[in-house]
Amino acid sequence: MNSELARRRGPGLRTRLTLLATGLVAFVSGLLLLLGWLLVGRVIASSPRFAEGSTVIVDGREVDAGALMDLLGEQARDDVLRSGSIAFLCVVAAAALLAWTITGRVLQPVHDVTDAARRLSAESLGERLRLDGPRDEVAELADTFDEMLDRLQAAFDSQRRFVANASHELRTPLAVIRTELDVTLADPDANADELRRMAGVVRAATERAEQLVSALLLLARTDGLGLAVREPVDLNAVVESAWNAVRVEAEERRLRVSFVQAPAPAVGDPALLERIAGNLLENAVRHNVPGGWIEVRTEGGPDWTLLRVSSSGPLIAPDRVEELFEPFRRGGTDRTARTGTGLGLSIVRAAVAAHEGQVHATAVAGGGLSVAVHLPSAPHGKLV
């Protein structure tokens with residue numbers, strides 16, 4: 001297959017460069033040879049001529065002077081052509097050899113890049129070229145290739161962690177369902193109450209699995225993709241709608257909530273914007289402490305609109321705040337919460353990135369988290 005593709009593509013870059021350099025040298029050398037041949041002929045033709053009928057003695061023989069001059073001119077041109085042809089062939093051969101050698105050395109980094117790409121696999125993403133030498137175009141290509149490998153390795157590592165975590169999370173509700181079914185079916189004396197209890201546990205486990213699958217699908221839809229819908233949205237209305245969904249839970253936990261709102265226009269997908277606000281408010285409620293507080297602030301600007309959700313909660317180390325945006329991280333620990341899917345902030349980050357915005361989180365002194373989201377209030381805004 002590779003040999004067939006190579007035949008279709010023709011000679012390689014080294015061969016083509018060698019042929020090009022050799023062809024240029026051959027053309028210039030041939031042009032010089034032709035000019036030399038013409039110049040010799042013109043010099044002989046313009047030299048002084050003997051009078052008509054004059055004769056000269058050559059090796060004791062009397063020869064016509066005009067014929068002698070023509071013979072000398074012809075012989076001089078033949079000598080130039082013969083010597084020039086030998087020199088032409090030597091120069092062309094030397095040019096071909098030098099071009100082949102020099103292009104081989106120049107293109108060696110390109111071959112290194114090609115060999116690295118051929119060896120590349122999910123298990124060998126740690127290889128790097130790290131090309132030394134002059135910082136020319138080839139070095140720039142090698143550096144770009146190394147940067148691409150860095151991004152690929154980060155993407156593969158993230159994918160591995162995501163798949164492993166998702167498998168673990170999905171295994172838990174499935175194990176609960178199977179255990180409940182096995183225990184109940186193994187009990188020949190199970191009554192209606194036992195069956196109802198089993199049905200309730202199975203229903204809760206299936207709801208958790210459904211929530212996780214829905215969150216995974218939403219994350220896959222938003223992560224790295226652009227927006228299908230982009231229209232003006234009132235962020236305050238989005239926040240109000242999202243708050244209505246968690247109001248009852250917040251009241252049950254006796255949370256004090258304050259809203260500091262200003263005109264907050266945004267541009268984007270209304271459904272994703274509501275998901276951003278909803279996930280931030282759900283996290284603020286579910287990862288809070290009983291009797292804690294929540295503050296929601298919106299601010300509009302000429303290019304960007306700010307949504308900030310701050311809340312009390314467990315103490316979070318500042319150096320672990322960024323980990324909360326990784327999948328299946330809850331309150332700074334892995335898989336410890338009984339509610340939620342652990343994808344809330346991951347979805348927020350993916351949705352904000354789809355809007356070409358930015359999201360930052362900071363730990364609150366004394367416990368809690370503050371998440372600030374910058375969203376474009378006008379198309380193609382620039383954050384300052």
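## Helix α7 and its ends

R254 follows α7 and has a positive phi, near 55°. The model is predicted: local features need pLDDT of at least 70, side-chain atom pairs count only at pLDDT 80 or more, and totals for chains, interfaces and linings use all residues. Residues are numbered from 1 along each chain as its sequence is written, and side-chain values use heavy atoms, with hydrogens and water left out.

At the start of α7, a side-chain oxygen of D234 comes within 3.1 Å of the backbone nitrogen of N236. Helices are DSSP runs of H or I, at least four residues; strands are runs of E, at least two; both are numbered from the N terminus.

## Length and kink

Helix α7 covers residues 235-252. Its 18 residues should span 26 Å at 1.5 Å a residue, and the end C-alpha atoms are 26 Å apart, which agrees. The expected span is 1.5 Å times one less than the number of residues.

A kink of about 50° is centred on V246. The bend is the angle between axes fitted to the seven residues ending at a residue and the seven starting there.

## Buried face and cover

V246 is also among the buried residues of α7. Buried means under 20% relative accessible area (1.4 Å probe, protein chains only).

Cover for these residues includes β3 (231-234), β4 (256-260), β6 (293-299), β7 (304-311) and β11 (369-376), along with helix α8 (270-286).

## The whole chain

The chain has nine helices and eleven strands. Of its 384 residues, 32% are buried.

Notes:
Buried means under 20% relative accessible area, exposed over 50%, partly exposed in between (1.4 Å probe, protein chains only). Contact means heavy atoms within 4.5 Å. A polar contact is a pair of N or O atoms within 3.5 Å; within protein, one must be able to donate a hydrogen and the other to accept it, and residues adjacent in sequence count only if both atoms are side-chain atoms.
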